[in-house]
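Colleague: I've got this model open and I'd like to learn how to read its packing and its sheets. Can you walk me through a few features?

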Amino acid sequence: MSSEHEAEPTRRPRIEAADDRTGMSPEVLERAVIDHLRFSRGKELRRATLLDLYHAVALATRDRLVWRWIHTWRTWERENVKRAYYLSAEYLVGRQLEHNLLALGILDVAREGLRRHGIDLDEVIEQEEDPGLGNGGLGRLAACFMESAATHGLPLMGYGIRYEFGIFRQGIDRGWQVEHPDAWLKKGNPWEMPQPEYTVPVQFGGVVEEWHDDDGRLRKRWRGAETVLGVPYDTPVAGYRTHHVHTLRLWAARASEELQLEVFNDGDYRRAVEQKALSESISKVLYPKDDSIEGKELRLRQQYFFVACSIHDILRRFRERNDDWTDLPEKVAIQLNDTHPAIAVAELMRILVDQEALDWDRAWNLVRHTVAYTNHTLLPEALETWNLDLFGRLLPRHLEIIYEINQRFLDRVHIWAPGDVDRLRRMSIIDEGPPKRVRMAHLAVIGSHAVNGVARLHSRLLRERVLTDFAEMLPDQFTSITNGVTPRRWLRQCNPELSAAITRRIGEGWVRDLEELALLEEYVDDPDFLAELSRARLANKRRLAAHAWRTLQVELDPQTLFDVQVKRLHEYKRQLMVALHVCWLYWRIKFRGDAEVVPRTVLVGGKAAPGYATAKRIIKFINDVANVVNVDPALRGRLRLVFLPNYNVSYAERVIPATDLSEQISLAGKEASGTGNMKFQMNGALTMGTLDGANIEIREAVGAENFYLFGLDADEVARAREAGFDPRARVEQSEALQAVLDLVERGVFNRGEAELHRGIARYVREEDPFLITADFDDYVARQEQAARDWADPDRWWPRAARNIARAGRFSSDRAVREYAERIWRIAPVAVELPDPEPTGRN
């Protein structure tokens, strides 16, 4: 939603029933929902389904957001404020109904209003699909930032792709992951508003033409061979208890020609719609498999498509209020959320140089002062590169521009480090291969005025190991901003009992300022407060257990220690180590008769990328171990392992408040930051973790005694590898690893496919790329300590309370303020709503 949708009127006519769209009283809200049932769904209340009710409540809620949305944009336009634009390939926004009701302060009103008609709001909320428009922390972080900016009035707008099918819906078949389409739009989406009048044409392929302008200057013009249309869909992002509603604009791909009618009339029906299908495939699926040329091409098309649409939209809006291109960095800040939108650097140059006729140096200065880049990974394979031939075929003019950027930059490098050929090779945007490739991270760094990591360790390793040459040449360009999460969704909404216990003691100011949780330090040893924490945890465990039984027919015992690792499946995150620890506990109970094992329920969830065979084998292994452990009578009530399929935002909202022990066990030096660790800490779980990502800062905040630290640190990992790390020697030194791998190799966990599991054992013994064997014994020892502490409430709950009280610095509100002050240079903008119109319907 923007000013283009609602011009400022000179005189607003009175609308007698305006209160039905904007009013917040219970009577008006009830009438609004019933009106939407009738006029938006065509149903009377007595005949309405739960889906009808969901849409009616959502539309009534959206009405109230739109009123604030319009006035937010009017204010920004009137004051011509500088705005930041967040370009991200992922947004994991989660379900919107409960969140928006909470933000508006009418959640209890809606719940009570429906209850009077015998309707449970929770059942209505369950009708909403969880939009899977992301793969993990990257997308969830983007959603948190959008919400925090809206809550604190920072003018920020998000851009991304409206994937028709999001991250796949994960199923489990005989232990293996299977992928199903995530048709999140199948029930309709009442939150979005299409804006077809702002459709953007996007070119691919074609040729670059040279010509001379009236001043005799050589100019270039890109004539694409193919055009795809980008249609914007706007979703409101509500600030908490504020008048601010911001915009998330997602682009859907549409064919420039819907139907080749002549071909259709000739009877060739397939060819008549073939181009439409190819064009619209761009926004069809999040992250298509890229192990084929076609898959790689589709991913590149996706990235350029949403960047081209977004840059066009940003510049159109800038030009509506500004005549001088010199003002661009004073009115626009563009943040690249990882390397997916890095092509924005070349696209912005193309528009300024080719279309607006700015000279190169002036255009480059504007680009570099407008664009900033957030890096989210230390994994070399995740720093995107593109085959040069593919890139040149799809984006010929952009490749020319990148070559020019590269040449001018390498000239600077040569002056800075004369004669250092190796450094020139390392810093070039073009990897000479073979085959030649375009390094997108290098383009993002060179084209930005600021480059930030997302945790202190990550930022250090980025400078020292990943982008070392750039950090040495451009030290002032690099900075660090630790990630954060919104406390509105990740504590206030998902854990109402705990939130109420906190608010009763320190008031509700913490919801908007998480630093106020520090006031809980007064209560961390208070028996009444600790008892409330314990009761809240048990209630959340029971809710999760009921959900697991209803959806999986799996029993969870709320009286056991809930030991949880839920995150994207990757070897470096070491889900395999969790499974091997379960095997060790199984061995202790089954073969050693160990009566001292504390009753434990281990929950693992996460999706493996469709083409990631090793991660899929780990999922299979986890499920096979569970199938043995969970049916053995000797282990009943003492040990249980459950893989939670199709883990997503809504599942996280159930799992996190129910967790006792949070597993953040990635190999040190691999995780950029993590945000799940912050959500668990905020809800009072204790962390079992390595010195990786934001774990380091969490441990510093909560105190070493309130964090279960194990394993090598990043420097020790580097030294171990330099010394020729040998996992076989580590196995020989470990009773636990020998016992566990013996079980695996003997086929205890899958007699029918023993060789498959022997492959797991070989992987650990002979390869172990992420040093499970180096950290395993220390991990086991700390797990034992955590279990003993959990069994002693007088030790456990004060530690849980200290984790909550010291979570303040891990709010996304703090992170967004740091971006706003240090990178974007934007300030909060006050938005006032006019007095409500009088109503004649009371």
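Modeller: Let's start at Trp824: leaving aside neighbours within four places in sequence, Trp824 is in contact (heavy atoms within 4.5 Å) with Lys82, Ala84, Tyr86, Leu156, Ala333, Gln335, Val816 and Tyr819. This is a predicted model, so local features need pLDDT of at least 70 and side-chain atom pairs count only at pLDDT 80 or more, while totals for chains, interfaces and linings use all residues. Residues are numbered from 1 along each chain as its sequence is written, and side-chain values use heavy atoms, with hydrogens and water left out.

Colleague: Which residues touch the most other members of the largest nonpolar core?

Modeller: In soluble globular proteins, nonpolar side chains tend to be buried together. Here the largest core has 287 residues, and Leu87, Phe305, Phe391 and Trp824 touch the most other members. A core is a set of buried Ala, Val, Leu, Ile, Met, Phe, Trp, Tyr and Cys residues joined through side-chain atoms within 4.5 Å; buried is under 20% relative accessible area, exposed over 50%, partly exposed in between (1.4 Å probe, protein chains only).

Colleague: And Glu77, is that buried or exposed?

Modeller: Glu77 has 4% relative accessibility, so it counts as buried. Glu77 lies in helix α3 (residues 50–79). Helices (H or I, at least four residues) and strands (E, at least two) are DSSP runs, numbered from the N terminus.

Colleague: What about helix pairs? At what angle do α18 and α28 cross?

Modeller: The axes of α18 (residues 456–466) and α28 (residues 714–722) come within 12 Å and cross at roughly 40°. That makes α18 oblique to α28; under 35 degrees is roughly parallel, over 145 roughly antiparallel, 65 to 115 roughly perpendicular and the rest oblique. Leu457, Arg460, Leu461 and Arg465 of α18 meet Ala714, Asp715 and Ala718 of α28. Buried residues of α18 are Leu457, His458, Ser459, Leu461 and Leu462, and they pack against β16 (451–453), α19 (468–473), β17 (478–480), α27 (695–702) and α28.

Colleague: How does α32 sit against α33?

Modeller: The axes of α32 (residues 772–790) and α33 come within 6 Å and cross at roughly 100°. That makes α32 roughly perpendicular to α33. Gln785, Ala786, Asp789 and Trp790 in α32 face Pro793, Arg795, Trp796 and Arg799 in α33 across the contact.

Colleague: Now sheets. In what order do the six strands run?

Modeller: Strands of a sheet pair through backbone hydrogen bonds, either parallel or antiparallel. The six strands form an open sheet, β20-β19-β18-β21-β22-β23, with parallel pairing (DSSP must find at least two bridges between two strands). β20 (639–644) and β23 (708–709) are at the edges with a single partner strand each, so one side of each has no neighbour in the sheet. Helix α33 (residues 793–805) packs on this sheet, touching β21, β22 and β23, and its direction makes about 85° with that of β22. β21 (residues 661–664) and β22 (residues 686–689) pair over four bridges, with Glu663 opposite Met688.

Conventions:
Axes are lines fitted to C-alpha atoms, for helices over the stretch in contact, and angles run from 0 to 180 degrees between N-to-C directions.
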